[in-house]
Amino acid sequence: MTAEIDGAPPLSDRTLDDRDIDVADRLVHQIVMLMRLVKRVAPAYRAELETAAFPLLARLATDGPQRSGEIAAAMCADPSTISRQVAGLVRSGLVERRADPEDGRASLLAATTEGHRVLDTERRRRAGQLVDALAEWTPESRGQFADLLGRFVADLQRTTEGDPR
C-alpha cells in the first residue's frame, strides 16, 4: 500500500519502486515541457480567442451540435470554463446557439461556417509545426507516438476518474 500524503488516500494499492517513481518523474517533466511549448507555439488564430477554445471548436465542427454540458463532460472540463469559452466563440462568430429540437428550453452549440474555416486554417498551421518537429521520424514512428500518447491520455483519464481496473 502506498503512503498517504497530507491525509489524502493513496491512488493505488500497488507498491511503487524507484523505477516507477523515476518514470513518473520523467513523464511529469516531459508533460510540463510539452504544455509550455504548446502555449508558446500555438497562439490563438484571433487575438480575442483563447487557444484553449480551439479543442471546443474542433469538437463541435467534428461531432456536430451539442449542449455545453455534454462538451464539458467529454472534455473533462468545468462547465463554467466551457461556458466562458463558448461565450468567446459566439462573440467571435465561430459558434452559434441553436434551439434544441428535443428540448425547447435548451440550446445546442454549433460551429459556424466561419468557425469551420478558422479551424481548418488553424489545423493546417499546427500540422505544419508538428510535421517540422517530426521531420526526422518515420511515418510509422509518428503513428506509434500518436497512438501511445492517446493510450496514455485515455488510461490516465480512466484512473483519475476512479476506474483503476
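## Overall make-up

The protein contains six helices and two strands, and the model described here is a predicted one. Read from the N terminus on, the order of these elements is α-α-α-α-β-β-α-α.

Of the 165 residues in the protein, 21% are buried. If we take the contacts between residues at least 6 apart in sequence, 48% of them join residues that are at least 24 apart.

## Helix α2 and what surrounds it

In helix α2, which covers residues 54-63, the residues Phe54, Leu56, Leu57 and Leu60 are buried. These residues lie on the same side of α2, because the arc that they cover around the axis is only 160 degrees.

The buried residues of α2 pack against several elements, namely α3 (68-74), α4, β1 (95-100), β2 (103-111) and α5. Just after α2 comes Gly64, a residue that takes a positive phi of about 90 degrees.

## Cys76, in the loop between α3 and α4

Which residue has a positive phi although it is not a glycine? It is Cys76, with a phi of about 55 degrees, and this residue is found in the loop between α3 and α4.

## Helix α4

The buried residues of α4 are Ile82, Gln85, Val86, Gly88 and Leu89. Seen down the axis of α4, these buried residues fall within an arc of 160 degrees, and therefore they line one face of the helix.

The elements that cover the buried residues of α4 include α2, α3, β1 and β2. After α4 comes Gly93, which has a positive phi near 75 degrees.

## Helix α5

Helix α5 has 21 residues, and the distance from its first C-alpha to its last is 30 Å, close to the 30 Å expected at 1.5 Å a residue. Within α5, Gly115, Val118, Leu119 and Glu122 are buried. Why can these residues be placed on the same side of α5? The reason is that they cover an arc of only 100 degrees around the axis.

The buried residues of α5 pack against α2, whereas on the other side of α5 the residues Thr113, Arg124, Val131 and Asp132 are exposed.

## The largest pocket

The largest pocket of the model has a volume of about 2000 Å³. It is lined by 36 residues, and those closest to its centre are Leu34, Met35, Val38, Leu149 and Val153. By residue type, the lining of the largest pocket divides into 27 nonpolar, five polar and four charged residues.

Which helix gives the most to the lining of the largest pocket? This is α1, with 12 residues. The elements that each supply at least two residues of this lining are α1 (18-41), α2 (54-63), α4 (79-91), α5 (113-133) and α6 (139-160).

Definitions and conventions. Residues numbered from 1 in each chain as written. Predicted model: local features only at pLDDT ≥ 70, side-chain atom pairs only at ≥ 80, totals over all residues. Heavy atoms only, no water. 1 Å grid on protein atoms, 1.4 Å probe; cavity = no way out; pocket = protein on both sides within 12 Å on 5 of 7 lines; lining within 4 Å. Points joined across faces, edges and corners; volume = space filled by probe spheres on them. Helix = DSSP H or I, 4+ residues; strand = E, 2+ residues; numbered from the N terminus. Nonpolar A, V, L, I, M, F, W, Y, C, P; charged D, E, K, R; others polar. Expected span 1.5 Å × (residues − 1). Buried < 20%, exposed > 50% of the residue type's maximum accessible area, 1.4 Å probe, protein only. Arc of directions from axis to C-beta. Contact = heavy atoms within 4.5 Å.
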